[in-house]
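Dear colleague,

I am handing over the structure we spoke about, and below it I have set out what was found. Please read the notes with the coordinates open beside them.

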Amino acid sequence: MTKEQLAAKQMEETNMGAQIVVMDRGYVYEGNVTRTGDMITIQHAKNIRRWGTTKGLGQLAAAGPQPNTILDEAGTVQAPMRAVIHFIACLKPW
């Protein structure tokens with residue numbers, strides 16, 4: 001693969017769908033994630049201020065927000081991949 005082909009492949013946009021994104025410095029977002037190169041964009045992002053679960057983030061990914069979950073609308077969030085700790089795929093968008 002040539003350098004040009006490799007660069008083009010790295011800049012391809014990958015839609016990851018609805019995800020919970022755990023980031024460094026304690027930020028946790030939910031939204032529709034797209035990865036382009038070494039950046040992610042979270043559309044319709046919600047900052048998860050309080051999980052409100054008894055079974056952690058996996059419960060939110062599987063069942064959506066709980067009665068005690070507190071979400072803050074965050075619009076569109078962009079972040080470098082180096083700030084991402086991990087993704088959790090949501091079974092359905094929130």
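This is a predicted model: local features need pLDDT of at least 70, side-chain atom pairs count only at pLDDT 80 or more; totals for chains, interfaces and linings use all residues.

With a relative accessibility of 76%, Arg25 counts as exposed. As background, most residues other than glycine have a negative phi.

Turning to the fold, 5 strands make up an open sheet with antiparallel pairing, in the order β4-β3-β2-β1-β5. The edges are taken by β4 (70-80) and β5 (84-89), and because each of them has a single partner strand, one side of each is left without a neighbour in the sheet. On average, and ignoring direction, neighbouring strands of this sheet are turned by 35° against each other. Strand β3, which covers residues 39-50, pairs with β4 in the antiparallel sense over 9 bridges, and within this part of the sheet Thr41 has Gln78 of β4 as its bridge partner.

As for charged side chains, the structure holds 2 salt bridges. One joins Lys46 and Glu30, with 3.7 Å from N to O; since Lys46 belongs to strand β3 and Glu30 to strand β2 (residues 28-36), the pair ties together parts that are 16 residues apart in sequence. Lys46 counts as buried at 12% relative accessibility, and Glu30 counts as buried at 2%. The other salt bridge is formed by Arg49 and Asp72, whose closest N and O atoms are 2.8 Å apart. Here Arg49 lies in strand β3 and Asp72 in strand β4, so this pair ties together parts that are 23 residues apart in sequence. Arg49 is exposed, with a relative accessible area of 55%, whereas Asp72 is partly exposed at 27%.

Which residues make up the largest nonpolar core? There are 12 of them, namely Val21, Met23, Tyr29, Val33, Ile40, Ile42, Ala45, Val77, Ala79, Met81, Ala83 and Val84. At least two residues of this core are supplied by each of β1 (13-23), β2, β3 and β4, and the largest share, 3 residues, comes from β3. If neighbours within four places in sequence are left aside, Val84 is in contact with Val21, Val22, Met23 and Ile40. Apart from this core lies another one, of 9 residues, among them Val28, Leu57, Leu60 and Cys90. In soluble globular proteins, nonpolar side chains tend to be buried together.

Finally, the count of aromatic pairs comes to 1. Tyr27 and Tyr29 form that pair, which is stacked, with 6.2 Å from centre to centre and 5° between the planes. Tyr27 is partly exposed, with a relative accessible area of 44%, while Tyr29 counts as buried at 12% and is one of the residues of the largest nonpolar core.

With kind regards

Terms used
Residues are numbered from 1 along each chain as its sequence is written. Side-chain values use heavy atoms; hydrogens and water are left out. Two strands pair if DSSP finds at least two bridges between them. Helices (H or I, at least four residues) and strands (E, at least two) are DSSP runs, numbered from the N terminus. Axes are lines fitted to C-alpha atoms, for helices over the stretch in contact, and angles run from 0 to 180 degrees between N-to-C directions. Rings of Phe, Tyr and Trp (its six-membered ring) pair if their centres lie within 6.5 Å; planes under 30 degrees apart count as stacked, over 60 as edge-to-face and the rest as tilted. Buried means under 20% relative accessible area, exposed over 50%, partly exposed in between (1.4 Å probe, protein chains only). A salt bridge is a side-chain nitrogen of Lys or Arg within 4 Å of a carboxyl oxygen of Asp or Glu. A nonpolar core is a set of buried Ala, Val, Leu, Ile, Met, Phe, Trp, Tyr and Cys residues joined through side-chain atoms within 4.5 Å. Contact means heavy atoms within 4.5 Å.
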